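Here are my notes for anyone opening this one for the first time. Have a look at the picture, then go through the points in order.

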Amino acid sequence: EIAKFIKESEEKLQVEQTKNTYAAWAFESNITEETKEASLEAQGDYNVLYKEIGLQVQKIDLSKVKDDVLRRKIKLLSNLGTSALPLKKLKAFNKLKAEMGSTYSKAK
């Protein structure tokens, strides 16, 4: 059941990360307010999903998991990174990153 949960979680994250990557690429290759907002939305969706999964994974007792690959995946998924931030701060962080990228890309 743990292996099934991890597999399903990875599949969900892969779908969201793909959406996020395409939105980020669209923004980075065509810097407009519209593409920035789409990129921020996709990044936010990914962060929310990652946090949700990560918090569930943190509840797994690793002493009951014997498979080394599964243990490694659990450890990686339990590290929330910036997704651990409260939603308001996370949105501000993502917006700041996007604005910095936009400013840097437009520098002459």
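1. Helices (H or I, at least four residues) are DSSP runs, numbered from the N terminus. The model is predicted, with local features needing pLDDT of at least 70 and side-chain atom pairs counting only at pLDDT 80 or more, while totals for chains, interfaces and linings use all residues. Residues are numbered from 1 along each chain as its sequence is written, and side-chain values use heavy atoms, with hydrogens and water left out.

2. Take H2 and H4 to start. Helix H2 covers residues 33–57 and helix H4 residues 87–106; their axes come within 10 Å and cross at roughly 140°. H2 and H4 are therefore oblique to each other (angles under 35 degrees count as roughly parallel, over 145 as roughly antiparallel, 65 to 115 as roughly perpendicular and the rest as oblique).

3. By class, the contact of H2 with H4 has 5 nonpolar, 4 polar and 3 charged residues. For these classes, Ala, Val, Leu, Ile, Met, Phe, Trp, Tyr, Cys and Pro count as nonpolar, Asp, Glu, Lys and Arg as charged, and the others, Gly among them, as polar.

4. Now for H1. Helix H1 runs over residues 2–29, 28 residues in total, and reaches 40 Å from its first C-alpha to its last, close to the 40 Å expected at 1.5 Å a residue (the expected span is 1.5 Å times one less than the number of residues). Among its buried residues are Ile6, Leu13, Asn20 and Phe27, where buried means under 20% relative accessible area, exposed over 50% and partly exposed in between, with a 1.4 Å probe and protein chains only. The buried residues of H1 pack against H2, H3 (68–78) and H4.

5. How do H1 and H2 meet? Their axes come within 8 Å and cross at roughly 160°, which makes H1 roughly antiparallel to H2. The H1 and H2 crossing is left-handed. Sorted by class, this contact has 14 nonpolar, 7 polar and 5 charged residues.

6. Asparagine 20, in helix H1, counts as buried at 5% relative accessibility. Leaving out residues up to four places away in sequence, asparagine 20 touches Ser39, Ala42, Gln43 and Tyr46. Serine 39 sits in helix H2 and is buried too, with a relative accessible area of 12%.

7. H1 and H3 pack at about 50°, with their axes 11 Å apart, and are therefore oblique to each other. Their contact includes Ile6 and Leu13 of H1 and Leu70 and Ile74 of H3. It divides into 7 nonpolar, no polar and 2 charged residues.

8. Finally, the loop between H2 and H3 holds leucine 62. Leucine 62 counts as partly exposed, at 24% relative accessibility. Not counting residues up to four places away in sequence, leucine 62 touches Arg71, Ile74 and Lys75.

How values were computed
Axes are lines fitted to C-alpha atoms, for helices over the stretch in contact, and angles run from 0 to 180 degrees between N-to-C directions. Helices (H or I, at least four residues) and strands (E, at least two) are DSSP runs, numbered from the N terminus. Contact means heavy atoms within 4.5 Å. A crossing is left-handed if the near helix is turned anticlockwise from the far one by less than a right angle, and right-handed if clockwise.
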